[in-house]
Amino acid sequence: MRLKVLGPALTGALLLVGCHTITEELPTQPSNPPSSGILTVPIPAIPLSNPTTTPTPPSPTPAPTPQASPTPDPPDPGPDPDPPGSSGCKKPKPPDISRMKAKVHFKGPRGSTLDSTPLVGPDAGYCAKIGFTDGRSFCPVRPEGAPDREACEAVAVGRARDTGRAGPTWTRNGKLCNGEDCENHPDNQYLLLAYKTGNYEACARNGVCGAVDVD
């Protein structure tokens, strides 16, 4: 009977000892065990639609730089106006000058006086109408002594470039007179005072010239 009593007690003791040993050998459990066996990985939120973007206004097109208008050429002044007094030329009006005669009128102590005579033609009909009845085809714009000769010469010859008077433009060796080598006559544009030798020309406004050499 004693053995029977001790047997179960001993068996219980051994079981207690054995249970204690098994418990100490189990792995240590984490202090905060996961609530479940599924590993949760955070996933960033993906928007379902594109975010609203503010449209960039288009850059304004620069206005074209206005181009400067080209400077127009000055109008052609045309022929020189007739000198004052030319309105006294009666009909028939003279045609353009076609010849200019130039000569030494006389020689003086200081130099020579040159003379010029404008001629029109060939036009025998015009010459006859104004009084030249000898059948000539080249003639002055009016006969000597005609009351409108000066006015008609002004119409046909024009103004001198340097003095602005009615009559031809005089030059010496291609240059206008400067008062030292030659000088326009103070009273008559058809005359010239030549102080030096050279080639002298008297030219109408249409470019017809007469030349004379002074030695």
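Below are my notes, going from the whole chain down to single residues.

**Entry 1: the overall layout**

I start with a reminder to myself that this is a predicted model. Reading from the N terminus, I wrote the order down as α-β-β-α-α-β-β-β-β-β-β.

Next I checked burial: of the 215 residues in the protein chain, 27% count as buried. The exposed surface comes to about 15800 Å², and carbon and sulfur atoms supply 59% of that. I also looked at contacts with a separation of 6 or more; residues 24 or more positions apart account for 43% of them.

**Entry 2: the disulfides**

How many disulfides are there? I count 4 of them. With the bonded cysteines counted along the chain, I noted the pattern as 1-4, 2-3, 5-6, 7-8. I followed up three of these links, taking one at a time.

I began with Cys 89 and Cys 152, which are joined with 2.0 Å from S to S. Where do the two cysteines sit? I found Cys 89 in the loop between helix H1 (2–25) and strand S1 (97–107), while Cys 152 is in helix H3 (residues 149–157). They are 63 residues apart, and the pair links distant parts of the chain. The angle about the S-S bond is 95°, and the link is right-handed. I checked accessibility as well: Cys 89 has a relative accessible area of 3%, so I put it down as buried. Cys 152 is at 0%, so it goes down as buried too.

Then I went to Cys 127 and Cys 139, where the S to S distance is 2.2 Å. Cys 127 counts as buried at 0% relative accessibility, and Cys 139 is buried with a relative accessible area of 0%.

My last one was Cys 203 with Cys 209, at 1.9 Å from S to S. Is this link right-handed or left-handed? The torsion about the S-S bond is about 110°, so I wrote right-handed. Cys 203 counts as buried at 13% relative accessibility, whereas Cys 209 is partly exposed at 33%.

**Entry 3: the salt bridges**

I turned to charged side chains and found 5 salt bridges in the structure.

Asp 134 forms one with Arg 136, and the closest N and O atoms are 2.8 Å apart. Why do I call Asp 134 exposed? Its relative accessible area is 52%, and exposed means over 50%. Arg 136 has 32%, so I noted it as partly exposed.

Arg 142 and Asp 148 meet in another salt bridge, 3.2 Å from N to O. I found Arg 142 buried, and Asp 148 as well.

Asp 181 pairs with Arg 172, with 3.4 Å between the closest N and O atoms. Asp 181 is buried at 11% relative accessible area. Arg 172 is at 17%, which means that it counts as buried, since the cut-off is under 20%.

I also came across a network of salt bridges that links Glu 144, Arg 149 and Glu 153.

**Entry 4: rings and charges**

I searched the whole structure for aromatic pairs and got 0. What does the charged end of Arg 99 sit over? I found it over the ring of Phe 138, 3.6 Å from the ring's centre.

**Entry 5: a stop at Cys 177**

Cys 177 sits in the loop between strand S4 (175–176) and strand S5 (182–184). Is Cys 177 buried or exposed? I have it as buried, because its relative accessible area is 16%.

Leaving out residues up to four places away in sequence, I listed what Cys 177 touches: Trp 170, Cys 182, Glu 183 and Leu 192. I also took the distance to Ala 194, which is 17 residues along the chain from Cys 177; their C-alpha atoms are separated by 9.0 Å.

Definitions and conventions: Residues are numbered from 1 along each chain as its sequence is written. This is a predicted model: local features need pLDDT of at least 70, side-chain atom pairs count only at pLDDT 80 or more; totals for chains, interfaces and linings use all residues. Side-chain values use heavy atoms; hydrogens and water are left out. Rings of Phe, Tyr and Trp (its six-membered ring) pair if their centres lie within 6.5 Å; planes under 30 degrees apart count as stacked, over 60 as edge-to-face and the rest as tilted. A charge sits over a ring if NZ of Lys or CZ of Arg is within 6 Å of the ring centre and within 35 degrees of the ring normal. Helices (H or I, at least four residues) and strands (E, at least two) are DSSP runs, numbered from the N terminus. Buried means under 20% relative accessible area, exposed over 50%, partly exposed in between (1.4 Å probe, protein chains only). Contact means heavy atoms within 4.5 Å. A salt bridge is a side-chain nitrogen of Lys or Arg within 4 Å of a carboxyl oxygen of Asp or Glu. Accessible areas come from the Shrake-Rupley method with a 1.4 Å probe; for residues, only the protein chains shown count as cover. A disulfide is a pair of cysteine sulfur atoms within 2.5 Å.
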